[in-house]
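Visitor: Hi, I'm new to this one. Could you walk me through it?

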Amino acid sequence: MCDTGAFYVPGVAPINFHQNDPVEIKAVKLTSSRTQLPYEYYSLPFCQPSKITYKAENLGEVLRGDRIVNTPFQVLMNSEKKCEVLCSQSNKPVTLTVEQSRLVAERISEDYYVHLIADNLPVATRLELYSNRDGDDKKKEKDVQFEHGYRLGFTDVNKIYLHNHLSFILYYHREDLEEDQEHTYRVVRFEVIPQSIRLEDLKTDEKSSCTLPEGTNSSPQEIDPTKENQLYFTYSVHWEESDIKWASRWDTYLTMSDVQIHWFSIINSVVVVFFLSGILSMIIIRTLRKDIANYNKEDDIEDTMEESGWKLVHGDVFRPPQYPMILSSLLGSGIQLFCMILIVIFVAMLGMLSPSSRGALMTTACFLFMFMGVFGGFSAGRLYRTLKGHRWKKGAFCTATLYPGVVFGICFVLNCFIWGKHSSGAVPFPTMVALLCMWFGISLPLVYLGYYFGFRKQPYDNPVRTNQIPRQIPEQRWYMNRFVGILMAGILPFGAMFIELFFIFSAIWENQFYYLFGFLFLVFIILVVSCSQISIVMVYFQLCAEDYRWWWRNFLVSGGSAFYVLVYAIFYFVNKLDIVEFIPSLLYFGYTALMVLSFWLLTGTIGFYAAYMFVRKIYAAVKID
C-alpha cells in the first residue's frame, strides 16, 4: 500500500546510457534544519562550469526553494576516475577571500547540507550504525541508513573544516539485451562520501588529476574565517553494478524503519474510533428514541409541557446566527480544502505524486485548490441562502478572498523576511504575480460561478418553523463553556492522527521524504469519522441544555483538534528542532499558524455539516404542533 516507488508515473521515463555517455550531475540547493532557509548552490564559492544554466521549474519546485543548476563535475557512464581537480587553472589552488571564507564557515556551523542529483536521483550519504543486539562483539549487526545530501563540512574543537573532496559512488543496472546490441545502463543509486583533505596533502599534476594521500596520515582542510584560505576542490567517481531494478531505485530513499509504528497507530485509532462510535451511537440512538417516543405521545400532553430538553428549542434551533456571511464563507473555504485534500491524498496514494517527480505534490495542491472553488462557492451560496442572506455578490467575494487572503498575507510577510536573507526559499516576484493571477483569474470566477448556482438553488429545508420572538436561554453549566468544549472535542480526532502528524512534521522541517499516502488516506478517513461523531455529541448536549445558538459554537468546537495541533507544534519546536535565530523561528510559527488555521477550517467544516444533518434529522422525527 505504501510503496509508491514500485510503479511509475507516465512522463518519468528511464534514461538508458551507453558506456562512457556523460551522466550529468546537477545541484539542487543547500538546506539546514537549523535555519529552515534553503540557499542555491552557487551562493557559496563552489567551482562553476563555463556556462551556468538553470533548469526550468514547476510551481512546486519554486515554492520549495529548489534551484536546479548544472555543475562542473564530469561523470561518464561506467568510467572510473581516481581523483580529479575542479577549476584549477595551471594547478593553482582556489583562493577564498576573507568574505567568502566567513560565509562558508557560517554555513558549516549552521549544519548545511548540499543536495545534488544525477539522473534525477538525489545524492545520499550512507550512515552505518552498529546495533549490538546480542551483547556479543562478533554478532554486531550493521544498520545502514541514508542521509539526504551530504554535509558541507564539520566543526571540531572550535575549528571549522570543509568537505572539499567528494567520492561519488554510482550504482548502475545493466539492461538485458539481444546478443548483437551494445549494453545499456541505468543509474539506480547515487551515494557520496565527503572528505576534507588539506591542500598540502593533495598532489596534483598538469592534467588536473590528483593523488589522494595514503591511509590516515592526512589532515582535514580547515577554513579560517578571519583570513584568506587556499584549497583544492576535488572529486573521484566509482561505479558499481547493482541488482536493483530501475523501477525500485527510490526504495533506498524511502525505506523507513518504522512502518510498524504506522500500522500500530492506525489499528489503535481504528479501534478507538469504532469503540467510541459504538458507544455514541448506542447512547444517542437509545436516548433519541426515548426522547422522540416521549415527545410524540399525544395523550399525556401535560407531562410533556414540563419536559425539558431539545424539543423545547424547536422554535429557535434554526434561527439564523450572527454574521451569516462570514460563517458561510468560512464553511465554503472548508469545503474547498476538504475536496482538495481528499483528491491529493487519493492521487498520491495511487503513486502518481511520488517524490521522483519533484514539486508535483505542491503544484497539484495549488491548482486543485483553485479549481475546487466551484464546490466551495456552491455550498457557501446555498448555506447563505438558507441563513436568510440576500447580498450574494458580497458573499461570493467574501468566500473567494477571506481564507486565501489570510494565507496570502501571512506568506507575503514571511517572504519579505526570507528575501532579506537572500534565500532561494523566497518566492520570486514573477511567481507571486502568477499566483495572484491564478487566484483572481481562476479561483475567484469559479467561486462566483458556484455561489451563483448555490444561491439560486432551493435552500436547505428546515423541518420546523422559527418563532418570531427568541426564547430565553437558561444559565449554562461550566462545562458548556466554549473553551472547555474545544478541549473536549479536540482530543479524539487529534489522538487518531497524532503519529502521522509527527512524520509530516519531520518531512516539512527536517527535509525527509514523506510518501506514506496510503496510511495518510486511512488517517484522513478516521479523522472525518471522529470529527463528525464528536460534533454530533456536542450539539446534542448543547440542545439538551436549551442553548440553541449552535451554528458558530459547533464550527469552533469541531475544529478543536487544531488547538492540539498548535500545542504539538510548539512541543515539536522545543524538543525536536534546534532553531535558535529569530527569522527561522518566525518562519516556523508563521507556517504553523497557516497549518493550524487550515486544519481548523477543515475539521470545523466536517463537524458543522455532520451536526447540521443530525439536527435536521431529529427535528424532522418529532411531531410539533
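This is a predicted model: local features need pLDDT of at least 70, side-chain atom pairs count only at pLDDT 80 or more; totals for chains, interfaces and linings use all residues.

Visitor: Where do C83 and C210 sit in the chain?

Guide: C83 is in strand 3 and C210 is in strand 15 (residues 210-211), so the pair links distant parts of the chain, 127 residues apart. Strands here are DSSP runs of E with at least two residues, helices are runs of H or I with at least four, and both are numbered from the N terminus.

Visitor: Is C83 buried or exposed?

Guide: C83 is buried, with a relative accessible area of 3%, and C210 is buried too, at 9%. Buried means under 20% relative accessible area, exposed means over 50%, and partly exposed is in between, using a 1.4 Å probe and protein chains only.

Visitor: How many disulfides does the whole structure have?

Guide: A search finds 2. C47 and C87 form a disulfide as well, with their sulfur atoms 2.0 Å apart. C47 lies in the loop between strand 1 (25-31) and helix 1 (59-64), while C87 lies in the loop between strand 3 (81-86) and strand 4 (94-96), 40 residues apart.

Visitor: Why is the disulfide of C47 and C87 called left-handed?

Guide: Because the torsion about its S-S bond is about -40°. The link of C83 and C210 is left-handed as well, with -80° about the S-S bond. Counting bonded cysteines along the chain, the pattern is 1-3, 2-4.

Visitor: New topic. How do helix 7 and helix 10 pack?

Guide: Helix 7 (residues 360-371) and helix 10 (residues 429-456) pack at an angle of about 35°, with their axes 8 Å apart. Axes are lines fitted to C-alpha atoms, for helices over the stretch in contact, and angles run from 0 to 180 degrees between N-to-C directions.

Visitor: Which residues meet there?

Guide: From helix 7 come F367, M370 and F371, and they meet residues of helix 10 including L435, W439 and L446. Contact means heavy atoms within 4.5 Å. The residues of this contact divide into 8 nonpolar, 1 polar and no charged. Ala, Val, Leu, Ile, Met, Phe, Trp, Tyr, Cys and Pro count as nonpolar, Asp, Glu, Lys and Arg as charged, and the others, Gly among them, as polar.

Visitor: What about the backbone: what is the phi of N158?

Guide: N158 has a positive phi of about 60°, although it is not a glycine. Most residues other than glycine have a negative phi. N158 is in the loop between strand 10 (153-156) and strand 11 (159-162), and at 82% relative accessibility it counts as exposed.

Visitor: And E546?

Guide: E546 has a positive phi of about 60° and is not a glycine either. E546 is buried, though, at 14% relative accessible area.

Definitions and conventions. Residues are numbered from 1 along each chain as its sequence is written. Side-chain values use heavy atoms; hydrogens and water are left out. A disulfide is a pair of cysteine sulfur atoms within 2.5 Å.
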